[in-house]
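The structure is shown first.

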Amino acid sequence: MTDRLGEYRERLVGAVNEHLDDGEKAESAVLVQRRARWALPLGIVAALVVSGFLGEGNALVRGGLIGLSIAGVLMYGTTFFALARTDRGLVLARTSKWSQNRVQEVVERMPADIGIVHKPGIMTDRIKLGEKNYLMNRQFRSVLQDMIGSPPAPG
């Protein structure tokens with residue numbers, strides 16, 4: 001049986017490596033994201049508009065279109081990053097919205113000892129990196145803990 005998540009993580013590290021300086025190498029990487037404050041409220045408004053526009057009709061079709069309207073606004077308002085530990089520190093690289101293992105550019109470099117606070121959640125973990133807040137899917141929890149060398153902060 002193949003470890004698809006492991007393969008995905010390897011592709012992510014490889015994609016980060018393509019954008020690093022000569023001689024620099026990523027050791028591990030996790031996907032994180034920042035969502036604009038307006039994204040969720042606007043998604044709800046979009047859902048209400050779509051619901052009102054559709055009126056009565058097939059509940060399955062209505063539900064699908066309402067869900068797509070929320071998802072579309074949330075996707076538009078979300079920026080995805082790969083947070084990677086390299087042999088020189090940490091890098092934050094912006095990724096494609098539609099294929100997060102496609103790294104587009106390194107946007108920030110940080111020292112290895114920057115303060116990272118990790119608060120686990122049921123489906124999404126919260127990460128505070130310096131003064132900025134990010135969300136992370138829990139599938140990357142163990143990789144992040146290996147990167148920062150400490151257990152998550154309590155609730």
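A residue is called buried when its relative accessible area is under 20%, exposed when that value is over 50%, and partly exposed in between. The model discussed here is predicted.

**A buried valine**

V30 has a relative accessibility of 0%, so V30 counts as buried. V30 sits in strand β1, which spans residues 26-35. Apart from neighbours within four places in sequence, V30 is in contact with L12, F81, A82, L83, M136, F140, V143, L144 and M147. L129 lies 99 residues away from V30 along the chain, and the C-alpha atoms of V30 and L129 are 13 Å apart.

**The chain as a whole**

The chain has four helices and seven strands. Read from the N terminus, the order of these elements is α-β-α-α-β-β-β-β-β-β-α. Along the principal axes, the C-alpha atoms fill a box of roughly 60 × 35 × 30 Å. Of the 155 residues in the chain, 37% are buried. Among contacts with a separation of 6 or more, 53% are between residues 24 or more positions apart. The accessible surface comes to about 9,500 Å², and carbon and sulfur atoms account for 56% of that surface.

**Charges and salt bridges**

There are 20 positive and 16 negative side chains in the chain, and the centres of the two sets are 9 Å apart. Side chains of opposite charge can pair when their charged atoms come close. How many salt bridges does the structure hold? The structure holds five.

| Positive residue | Negative residue | N to O distance |
| R94 | E105 | 2.5 Å |
| K132 | E108 | 3.4 Å |
| R141 | D125 | 2.7 Å |

The salt bridge between E105 and R94 has its closest N and O atoms 2.5 Å apart. E105 is in strand β4 (residues 103-110) and R94 is in strand β3 (residues 89-95), so this pair ties together parts 11 residues apart in sequence. E105 is partly exposed, with a relative accessible area of 35%. R94 is also partly exposed, with a value of 29%.

K132 and E108 meet through their side chains in a salt bridge of 3.4 Å, N to O. K132 belongs to strand β7 (residues 132-137) and E108 to strand β4, so the pair ties together parts that are 24 residues apart in sequence. K132 counts as partly exposed at 35% relative accessibility, and E108 counts as partly exposed at 26%.

In the salt bridge of R141 with D125, the closest N and O atoms are 2.7 Å apart. R141 lies in helix α4 (residues 141-148) and D125 in strand β6 (residues 124-129), so a helix and a strand are tied together across 16 residues of sequence.

Terms used
Residues numbered from 1 in each chain as written. Predicted model: local features only at pLDDT ≥ 70, side-chain atom pairs only at ≥ 80, totals over all residues. Heavy atoms only, no water. Helix = DSSP H or I, 4+ residues; strand = E, 2+ residues; numbered from the N terminus. Buried < 20%, exposed > 50% of the residue type's maximum accessible area, 1.4 Å probe, protein only. Contact = heavy atoms within 4.5 Å. Salt bridge = Lys/Arg side-chain N within 4 Å of Asp/Glu carboxyl O. Areas by Shrake-Rupley, 256 points an atom, 1.4 Å probe, with all protein chains shown as cover. Lys, Arg positive; Asp, Glu negative; His and termini not counted. Charge placed at Lys NZ, Arg CZ, Asp CG, Glu CD.
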